[in-house]
Amino acid sequence: MKRLRYMLLCALVLVLTGCRVELYSALPEEDANQMLAILMQHNIDADKQAAEGGVTLRVEKSQFINAVELLRLNGFPRRSYISADTMFPPNQLVVSPAEEQQKILFLKEQRIEGMLSQMDGVVHADVTIASHGPDEEGATGPASVAVFIKFSPQVNLESFRIQIKNLVEKSIPGVQQDQISILMQPAEFRMQSVVSATEEPQWRAIQWLTLHRWPLIPALILAILALTALMWMTWRRKR
């Protein structure tokens with residue numbers, strides 16, 4: 001009887017000790033839903049809460065590292081890009097042609113980066129457009145483009161190199177394919193290692209209890225109350 005009571009108390013303590021920590025905050029609703037779905041697909045205990053300025057994503061403290069790495073390998077959280085309205089506000093004073101040209105190039109870089117980031121497996125994308133200034137006759141030289149992509153090792157993004165180069169070529173008028181340089185680098189896989197086979201059954205039991213702790217709390221309380229009542233009745237009979 002004492003052993004059963006001790007096991008129930010230990011289970012209750014285990015259920016109550018699980019705690020969540022903030023993973024990301026001020027997220028758009030769509031991004032938060034996608035991130036939560038990815039975490040749930042990989043059995044990572046997480047939830048979301050509506051907060052001022054966006055959605056807050058929380059995760060079990062013991063799974064924080066894997067949650068961050070898993071989302072990073074899926075390109076989350078998404079980068080925010082500057083729009084043309086922000087770059088050229090209606091009330092802006094007249095700028096020089098050189099400054100206007102730099103802003104236009106920056107918007108093109110942002111647009112291409114945004115398109116590349118939508119590809120499955122892209123963790124991070126950077127695009128730099130280098131354009132020669134106008135000569136004495138006002139003509140500009142050919143532009144060159146440098147593209148850097150960090151991608152998830154779980155996706156064979158190298159097979160899309162030609163398509164990526166075509167995409168960049170069509171996005172920048174006048175640029176030729178031999179003026180486009182693309183560097184792809186697989187992201188480092190930094191997920192925590194799985195527990196050893198000898199510890200796996202115990203770990204699975206602990207993980208299951210942690211994931212289902214809230215539905216189990218009422219049942220455990222009732223079980224402890226029933227056990228207490230049974231012990232009291234046994235004690236009364238012995239007297």
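## The β4-β5-β6 sheet

In this predicted model, strands β4, β5 and β6 make an open sheet in that order, with mixed pairing; strands pair if DSSP finds at least two bridges between them. Helices (H or I, at least four residues) and strands (E, at least two) are DSSP runs numbered from the N terminus. The edges of the sheet are β4 and β6, each of which pairs on one side only. On average, neighbouring strands are turned by 10 degrees against each other, direction ignored. Axes here are lines fitted to C-alpha atoms, for helices over the stretch in contact, and angles run from 0 to 180 degrees between N-to-C directions.

Strand β4 (residues 122–130) runs antiparallel to β5 and is joined to β5 by eight bridges; Ala-130 stands opposite Ser-144 in β5. The pairing of β5 with β6 (residues 180–186) is parallel and spans seven bridges. Within this pair, Ile-149 faces Met-184 of β6, and Lys-150 stands opposite Gln-185 of β6. Strand β5 (residues 144–151) has a covered face made of Val-145, Val-147, Ile-149 and Phe-151, while Ser-144, Ala-146, Phe-148 and Lys-150 make up the uncovered one.

## Helices on this sheet

Helix α5 (residues 97–117) lies across β4 and β5 and runs at about 155 degrees to β4. Helix α6 also packs on the sheet, where α6 touches β5 and β6, and its direction makes about 135 degrees with that of β6.

Arg-161 belongs to helix α6 (residues 161–171). Leaving aside neighbours within four places in sequence, Arg-161 is in contact (heavy atoms within 4.5 Å) with Ile-182 and Met-184. Arg-161 and Met-184 are 23 residues apart in sequence, and their C-alpha atoms are 8.8 Å apart in space. With a relative accessible area of 28%, Arg-161 counts as partly exposed; buried means under 20%, exposed over 50%, and partly exposed in between (1.4 Å probe, protein chains only).

## The β1-β3-β2 sheet

A further open sheet has three strands in the order β1-β3-β2, with antiparallel pairing. Strands β1 (20–27) and β2 (46–51) stand at the edges with a single partner strand each, so one side of each has no neighbour in the sheet. Neighbouring strands of this sheet are turned by 25 degrees against each other on average, direction ignored.

Five bridges join β1 to the antiparallel strand β3 (residues 54–60), and Glu-22 stands opposite Arg-58 in β3. Helix α3 (residues 64–73) packs on this sheet and touches β1 and β3; the direction of α3 makes about 30 degrees with that of β1.

## Backbone exceptions

Most residues other than glycine have a negative phi, and most peptide bonds are trans. Ala-26, although not a glycine, has a positive phi of about 55 degrees. Ala-26 lies in strand β1 and is exposed, with a relative accessible area of 51%. Asn-43 is likewise not a glycine and has a positive phi of about 60 degrees; Asn-43 is placed in the loop between α2 (29–41) and β2.

The peptide bond between Phe-76 and Pro-77 is cis, with omega about 0 degrees. Pro-77 sits in the loop between α3 and α4 (84–87).

Ile-221, Leu-222 and Leu-225 form a nonpolar surface patch with about 300 Å² of accessible area together. Patches are made of residues with over 30% relative accessible area and no salt bridge; like charges are joined within 9 Å, and nonpolar side chains (Val, Leu, Ile, Met, Phe, Trp, Tyr) within 5 Å. A salt bridge is a side-chain nitrogen of Lys or Arg within 4 Å of a carboxyl oxygen of Asp or Glu. Ile-221 is located in helix α8 (residues 213–238) and counts as partly exposed, at 39% relative accessibility.

## Overall composition

The protein has eight helices and six strands. From the N terminus on, the order of elements is α-β-α-β-β-α-α-α-β-β-α-β-α-α. Of its 239 residues, 30% count as buried. Among contacts between residues at least 6 apart in sequence, 65% join residues at least 24 apart. The protein exposes about 15,700 Å², of which carbon and sulfur atoms supply 58%; accessible areas come from the Shrake-Rupley method with a 1.4 Å probe, and for residues only the protein chains shown count as cover.

## Basis of the values

Residues are numbered from 1 along each chain as its sequence is written, and side-chain values use heavy atoms, with hydrogens and water left out. In this predicted model, local features need pLDDT of at least 70, side-chain atom pairs count only at pLDDT 80 or more, and totals for chains, interfaces and linings use all residues.
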